[in-house]
Amino acid sequence: MPYEIDLPQDFQDRIAAMPHPVREDLLGALREASRDPFLLPSLLPSDPRSRILSFAEGNGLALVEVDEDGKRIALRLIRP
């Protein structure tokens, strides 16, 4: 069962303002990551909850925090 995707309101606004192809790529990457977020590269080996999500052909990066107990992934930082 996929993890729930948590998008705080400020990120929803930023995503809505992105060009359509970039927005769709990010949302698709988030849906894919929600299936198994631990396949994403880890930000720090000492913190397996913090993962890096690449989108827009590697031109965009996002920090995703994994809550394994709650089965949620949360977008924390984004650099389009």
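Me: What share of the contacts in the protein chain with a separation of 6 or more comes from residues 24 or more positions apart?
Reply: In this predicted model, such residues account for 45% of the contacts with a separation of 6 or more in the protein chain. A pair counts as a contact when heavy atoms lie within 4.5 Å.

Me: What makes Pro 41 and Glu 65 a pair to consider, in sequence and in space?
Reply: Pro 41 and Glu 65 are 24 residues apart in sequence, and their C-alpha atoms are 12 Å apart. Pro 41 itself sits in the loop that joins helix H2 (20–35) to strand S2 (42–44). Residues up to four places away in sequence being left aside, Pro 41 touches Ser 50, Arg 51 and Ile 52.

Me: Why is Ser 50 called buried?
Reply: The relative accessible area of Ser 50 is 10%, and buried means under 20%; Ser 50 is therefore buried. Ser 50 belongs to strand S3 (residues 47–55). Apart from residues up to four places away in sequence, Ser 50 touches Pro 41, Ser 42, Leu 43, Leu 63 and Val 64.

Me: What makes the pair Ser 50 and Asp 47 a polar contact?
Reply: The side chains of Ser 50 and Asp 47 are joined at 2.9 Å. A polar contact requires a pair of N or O atoms within 3.5 Å, so the value of 2.9 Å meets that limit.

Me: What is the extent of burial in the protein chain as a whole?
Reply: Of the 80 residues in the protein chain, 31% are buried. The accessible surface of the protein chain comes to about 5000 Å², and carbon and sulfur atoms hold 55% of that surface.

Me: What does the radius of gyration of the protein chain show when set against that of a compact globule?
Reply: A compact globule of 80 residues would have a radius of gyration near 12 Å, and the protein chain has 12 Å, so the two agree. The C-alpha trace spans about 35 × 20 × 20 Å along its principal axes.

Me: Which pattern does the protein chain follow along the sequence?
Reply: The pattern reads β-α-α-β-β-β-β, with 2 helices and 5 strands in the protein chain. The 5 strands form an open sheet in the order S1-S5-S4-S3-S2, and the pairing is mixed.

Me: Why are S1 and S2 called edge strands?
Reply: S1 and S2 each pair on one side only. From one strand to the next, the twist averages 35°. Helix H2 packs on this sheet and touches S1, S3, S4 and S5, and the direction of H2 makes about 145° with that of S3.

Me: What makes strand S1 (residues 4–6) and strand S5 (residues 72–79) a pair?
Reply: S1 and S5 are joined by 3 bridges in the parallel sense; two strands pair if at least two bridges are found between them, so S1 and S5 qualify. Glu 4 stands opposite Arg 72 in S5, and Asp 6 has Ala 74 of S5 as its bridge partner.

Me: How many bridges join strand S4 (residues 60–67) to S5, and do they run parallel or antiparallel?
Reply: S4 and S5 run antiparallel and share 7 bridges. Ala 62 stands opposite Ile 78 in S5. The hairpin of S4 and S5 has 4 residues between the strands, and Lys 71 takes a positive phi near 50° there.

Conventions. Residues numbered from 1 in each chain as written. Predicted model: local features only at pLDDT ≥ 70, side-chain atom pairs only at ≥ 80, totals over all residues. Heavy atoms only, no water. Buried < 20%, exposed > 50% of the residue type's maximum accessible area, 1.4 Å probe, protein only. Polar contact = N/O pair within 3.5 Å; in protein donor to acceptor, adjacent residues only side chain to side chain. Rg over C-alpha atoms; globule rule 2.2 N^0.38 Å. Areas by Shrake-Rupley, 256 points an atom, 1.4 Å probe, with all protein chains shown as cover. Axes fitted to C-alpha atoms, helices over the stretch in contact; angles between N-to-C directions.
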